[in-house]
Each structure stands twice: as structure tokens, then as C-alpha cells.
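Subject: Structure handover

Hello,

Please find the structure below. My notes on it follow.

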Amino acid sequence: MNFWNEREELRHLRERYELDKAQWRSEYWSLHAEWEAAVYHNRRLQGVLLEIVRAYQAADHNQLREAVERAVDFLGLDEEVE
């Protein structure tokens, strides 16, 4: 009888392990997707800021204004900036 109890306990442990593994994989891929989105957003932000710096360095006021407008749009600051 002890053998059957141990076997049943091992079966429960294996089921729990499979559930934990599935949950871990799900959480991992969810976090991975969030990380990829953050990296993409960061690269886009760097590009927008680089446009502003280049326009400033070139002393091109029209280009600077357009770059700042794109940055404001990208950051969603339309209502905060007049």
C-alpha cells in the first residue's frame, strides 16, 4: 500500500510540475513581449530625440519645430503642449 501512496504522490508532483512549467512559460513569454515592446519604444524615442538634436545642431528652426512636433505626438503630449 505504501508503494501506491508514493506512486500517487509522485503523479501529483509531476502534474504540479507540468502546471508550474506551463505557467512559467506563459509568464516568460508575456514578459518577453513587454520587453520587446519597451525596446521598440525606446528605439523610436531615441530616433525622435536624435532628430531634435540634429535640427538644433543645424540651427534649422523649421526642422527643429517639426522634430519637436513629432516628439510631442510620439509622447502623447498634445494636450499638455500648446
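In which helix is D20 found? D20 is found in helix α1, where helices (H or I, at least four residues) are DSSP runs numbered from the N terminus.

Before the rest, the conventions. This is a predicted model, so to speak of local features pLDDT of at least 70 is needed, side-chain atom pairs count only at pLDDT 80 or more, and totals for chains, interfaces and linings use all residues. Residues are numbered from 1 along each chain as its sequence is written, and side-chain values use heavy atoms, with hydrogens and water left out.

Helix packing

Two packed helices are described by the angle between their axes and the distance between the axes. Here, helix α1 covers residues 2-57 and helix α2 covers residues 61-75; they pack at an angle of about 160 degrees, and their axes are 8 Å apart. The axes are lines fitted to C-alpha atoms, for helices over the stretch in contact, and the angles run from 0 to 180 degrees between N-to-C directions. The angle makes α1 roughly antiparallel to α2, a label given to angles over 145 degrees. The crossing of α1 past α2 is left-handed, meaning that the near helix is turned anticlockwise from the far one by less than a right angle.

On the α1 side, the contact (heavy atoms within 4.5 Å) is made by H41, R44, L45, V48, E51, I52, A55 and Y56. On the α2 side, the residues are Q63, L64, A67, V68, R70, A71, F74 and L75. By type, the residues of this contact divide into eleven nonpolar, two polar and three charged. In that count Ala, Val, Leu, Ile, Met, Phe, Trp, Tyr, Cys and Pro are nonpolar, Asp, Glu, Lys and Arg are charged, and the others, Gly among them, are polar.

Core

The largest nonpolar core has five residues in all: V48, I52, A67, A71 and F74. Such a core is a set of buried Ala, Val, Leu, Ile, Met, Phe, Trp, Tyr and Cys residues joined through side-chain atoms within 4.5 Å; buried means under 20% relative accessible area, exposed over 50%, and partly exposed in between (1.4 Å probe, protein chains only). Both α1 and α2 give two or more residues to this core, and α2 gives the most, with three. Leaving aside neighbours within four places in sequence, A67 is in contact with V48, E51 and I52.

R70, also in helix α2, touches V48 and E51, again not counting residues up to four places away in sequence. R70 is partly exposed, with a relative accessible area of 39%. Its C-alpha atom is separated from that of I52, 18 residues apart along the chain, by 9.3 Å.

Loop

A59 lies in the loop between α1 and α2 and counts as exposed, at 53% relative accessibility. Most residues other than glycine have a negative phi. For A59, phi is positive, near 55 degrees.

Other positions in α1

D20 is partly exposed, at 34% relative accessible area. The C-alpha atoms of D20 and Y40 are separated by 30 Å, and the two residues are 20 apart along the chain. Y40 lies in helix α1 and is exposed, with a relative accessible area of 55%. From Y40 to L64, 24 residues apart along the chain, the C-alpha separation is 23 Å. L19 is found in helix α1 and is exposed, with a relative accessible area of 55%. The C-alpha atoms of L19 and N5, 14 residues apart along the chain, are separated by 21 Å.

Regards

Methods:
Angles under 35 degrees count as roughly parallel, over 145 as roughly antiparallel, 65 to 115 as roughly perpendicular and the rest as oblique.
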